[in-house]
Amino acid sequence: MPDTETDPARERLRRWRLVLGGDTADGTGCALSGRDAAMDGALAALYGKGDGPRADRDRSAGLGASAPSVARWLGDIRAYFPSSVVQVMQRDAIDRLGLATLLLEPEVLEAVEADVHLVGTLLSLDKAMPETTKQTARAVVRRVVEDLEKRLATRARATLTGALDRSARVNRPRHHDIDWNRTIAANLKHYLPEHRTVVPERLIGYGRASRSVRKEVVLCVDQSGSMAASVVYASVFGAVLASMRSIDTRFVVFDTAVVDLTDRLDDPVDVLFGTRLGGGTDINRALAYCQARITRPAETVVVLISDLYEGGIRDEMLKRVAAMRASGVQFVTLLALSDEGAPAYDREHAAALAALGAPAFACTPDLFPEVMAAAIEKRPLPIPDAA
């Protein structure tokens with residue numbers, strides 16, 4: 001029989017057989033063996049007959065209820081599938097088969113492929129986690145956070161340092177500090193047609209951000225369950241901002257209560273384990289806390305990260321935003337800080353904020369430094385077209 005590598009038709013049958021799961025009526029007539037059979041078994045354990053949301057039945061069709069069997073399955077799927085697929089299967093196992101409680105077992109955590117979504121699940125289980133598991137869970141969270149820092153921190157610091165320097169304008173710059181675009185725009189009235197040139201009577205240049213604090217940033221983060229990924233990314237960026245001498249950073253999380261985690265910003269893992277995912281939402285109370293701690297409104301950026309499903313006093317929330325903007329605060333509303341695509345959010349509240357000049361939009365982690373740079377420089381925000 002022709003090898004599947006040289007027989008496209010048989011390869012298509014093989015793939016359909018893996019997708020369909022081997023029901024007697026699948027119509028492929030294709031038998032699996034070796035690695036393909038093992039791969040099919042791993043898929044059947046999760047997506048086979050009897051799958052779906054777990055109710056009053058056994059934990060799953062094929063995974064069983066014990067930590068060792070789940071740990072073996074996690075090891076199998078990591079051997080058969082790429083990391084991105086493994087993460088999807090893990091999330092499906094948690095959602096479809098009710099495996100969240102097994103993540104409290106150290107041997108399961110050691111076998112799992114760590115990602116942002118897993119961190120969110122672990123944080124939601126933190127209070128129920130036995131002491132024997134907490135150390136392992138913390139190591140998993142730290143691994144994810146360190147990977148995110150490697151990917152995001154360097155670019156964020158470079159972008160924000162540039163924004164801080166550009167925001168410190170001077171009128172007698174050295175030659176290499178001249179902002180030529182702004183200088184030309186400011187001197188267009190001195191254009192000499194006969195010489196086809198502009199006489200720069202006034203130079204505008206970049207200053208250099210001093211080591212003293214020049215800007216204040218307040219990250220006000222909704223820790224309701226739907227915002228789990230945003231909380232993870234916000235904690236990483238909060239630590240990056242706090243590491244910069246020219247930015248005084250405050251990090252506040254809220255549900256119906258408000259918790260200030262600023263003193264933990266030297267370690268984003270400590271920030272994450274200081275959160276409490278789930279519960280209600282009182283944006284107005286959180287903004288009241290942040291507003292009371294603003295000392296230099298004209299040099300302050302407030303970033304509200306929330307899906308805007310307000311459980312507090314809506315009109316008071318909007319009044320606070322309006323008051324902060326009137327005082328000179330740069331106010332940014334992010335419906336999500338994640339790579340998860342378009343989020344669910346309260347459209348009425350988003351429209352009300354837009355009417356106040358504070359448009360609400362979703363932001364990816366890669367875009368966040370640009371958003372912060374624009375806010376620091378007091379220029380239009382780079383709002384994605386799809387927002």
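User: What places His349 in a helix?

Analyst: In this predicted model, His349 lies in helix 13, which covers residues 347–355. Helices are DSSP runs of H or I with at least four residues, numbered from the N terminus. Residues are numbered from 1 along each chain as its sequence is written, and side-chain values use heavy atoms, leaving out hydrogens and water. As the model is predicted, local features need pLDDT of at least 70 and side-chain atom pairs count only at pLDDT 80 or more, while totals for chains, interfaces and linings use all residues.

User: Why is His349 called buried?

Analyst: Buried means under 20% relative accessible area, exposed over 50%, and partly exposed in between, with a 1.4 Å probe and protein chains only. His349 has 6% relative accessibility and therefore counts as buried.

User: Which residues does His349 touch, not counting those up to four places away in sequence?

Analyst: They are Leu308, Glu310, Arg314 and Met317, where contact means heavy atoms within 4.5 Å.

User: What makes Cys290 and Cys363 buried?

Analyst: Cys290 has 1% relative accessibility and so counts as buried. Cys363 is buried because its relative accessible area is 2%.

User: How do you know that the length of helix 2 agrees with its residue count?

Analyst: The expected span is 1.5 Å times one less than the number of residues. For the 14 residues of helix 2 this should be 20 Å, and the end C-alpha atoms are 20 Å apart, so the two agree.

User: How do the axes of helix 2 and helix 4 cross?

Analyst: The axes of helix 2 (residues 34–47) and helix 4 (residues 83–97) come within 10 Å and cross at roughly 35 degrees. Axes are lines fitted to C-alpha atoms, for helices over the stretch in contact, and angles run from 0 to 180 degrees between N-to-C directions. Helix 2 contributes Ala42, Leu43, Ala45, Leu46 and Tyr47 to the contact, and helix 4 contributes Met89, Asp92, Ala93, Arg96 and Leu97.

User: Which members of the largest nonpolar core touch the most others?

Analyst: Trp73, Leu122, Phe251, Val303 and Phe368 do so, in a core of 88 residues. Such a core is a set of buried Ala, Val, Leu, Ile, Met, Phe, Trp, Tyr and Cys residues joined through side-chain atoms within 4.5 Å.

How values were computed: Helix = DSSP H or I, 4+ residues; strand = E, 2+ residues; numbered from the N terminus.
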